[in-house]
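Work through the exercises below on charged side chains and their surroundings. Each task is followed by a worked solution.

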Amino acid sequence: MAAPPQLKAIQHHLRTAQEHDKRDPVVAYYCRLYAMQTGMKLDSKTPECRKFLVKLMDQLEMMKKELSDNESISHEVVGNAHIENYALKMFLYADNEDRSGRFHKNMIKSFYTASLLYDVLSVFGELSEENVQHRKYARWKATYIHNCLKNGETPQPGPIGMEGETYDDEFGSECGASSLDPHSQPPSQPSVPPVDPGAMPPTSGFNNIQIPPGAHAPANTPAEIPPPTGEPVKPVPVPRTIPTVDPSLLNTSQQSDVRLTPEDFTRAQKYCKYAGSALQYEDVTTAVQNLQKALKLLTTGKE
C-alpha cells in the first residue's frame, strides 16, 4: 500500500521494510515501527492518513505475533543491537566499495539504506553521536556518487570536502560510470580512518533522494554483492586496531561501596548484548569496547 502524500517522508523506510520481509523480518518490523511512529507525528488526523496508519498498526501487530519467539522482537536491547549491527555492516560494505574505487548502484543503495536504518534506530531512543555521523555521511555519499555517475563524472573515494548535493526526484538507469569531467578539479583527499566525524560533509539537499525498489537491493548480506569488475570483495568489517584492555578491569571483584541500580544492570546487559551481536560480524573492536564498558560499570558503578 502506497503512503499518502502527507507521509512521503516514510515511504523509503516502508520500501526497505518490504525488501526485508523475507531477508530479515526483524529489520522489516522495526522499519515499519519507525514509519508508524513517524507517520503519527506527521499526520494522524486526515482520513487517508489515519486509514493508512491503522492498516500499518494491524500489520505490525501481526508481525509481532509471528515473531513472538524472536529475541530481537521480545527484547528491545537485542533488537537495538540487531538493527545497529545490520546498519553498520551495510555501511561498511558500501564504504569499502567506495574506498576501493568500485562505484555501482548496489553500493549507492547500501549507503542510502544504511542511512534509513540509522533513522530506524531512533525508535530505541536518541542516536549516539557516532550513529548520527554515520547517517549523515552515508546519505551524503549516496547522493554524491549517484550525481557523479549520472553526470558522467568519476566520484572521488572516501570522505571529501564537497558542497551539499541535490537529488533529482527520479533515480534513473543512467547511473553508469563514465569519464571524469575535464573541467572539474578533484578535491583534496584527507587521510582519515574509515569514519571520521570531523570529515563529515554537510547535510543539505538529502531530502529528495530516490532509490528504485527491488532490482538494486543488496543480497542477503551486503558482503555477498559482487563488484561489477568481478574482483572479490574484501571481507567486512574493515580491519581495525584491537583496543588495549584497561588494566584496572583485570581485577573483576566489585568495589565494596558500589551499589548498582536496576538501570545499571540494564545498561550492563545492553553492553553485553552489543558485544555478542558484534561478534556475529567478527567485529572484535566493538565487542571488546562494550565488554569493557560492562565490566567497568559492574565493578565501579560508573561508565
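**Exercise 1.** Classify Arg99 by its relative accessibility, then do likewise for Asp95, its salt-bridge partner in this predicted model.

Solution. Arg99 has 31% relative accessibility, so Arg99 is partly exposed. Asp95 has 0%, so Asp95 counts as buried. The closest N and O atoms of this salt bridge are 2.8 Å apart. Both residues belong to helix α5 (residues 76-99), where four residues, about one turn of the helix, separate them.

**Exercise 2.** Which parts does the salt bridge between Lys141 and Asp98 tie together?

Solution. Start with the contact: the N to O distance between the two side chains is 3.1 Å. Finally, check accessibility: Lys141 and Asp98 are both buried.

**Exercise 3.** Locate the partners of the salt bridge between Asp21 and Arg32, and decide for each whether it is buried or partly exposed.

Solution. The closest N and O atoms of Asp21 and Arg32 lie 2.8 Å apart. Asp21 sits in the loop between α1 (11-19) and α2 (25-42), and Arg32 in helix α2, so the pair connects parts 11 residues apart in sequence. With 32% relative accessibility, Asp21 is partly exposed. Arg32, at 5%, is buried.

**Exercise 4.** How many salt bridges does the structure hold?

Solution. The total is seven.

Notes:
Residues are numbered from 1 along each chain as its sequence is written. This is a predicted model: local features need pLDDT of at least 70, side-chain atom pairs count only at pLDDT 80 or more; totals for chains, interfaces and linings use all residues. Side-chain values use heavy atoms; hydrogens and water are left out. A salt bridge is a side-chain nitrogen of Lys or Arg within 4 Å of a carboxyl oxygen of Asp or Glu. Helices (H or I, at least four residues) and strands (E, at least two) are DSSP runs, numbered from the N terminus. Buried means under 20% relative accessible area, exposed over 50%, partly exposed in between (1.4 Å probe, protein chains only).
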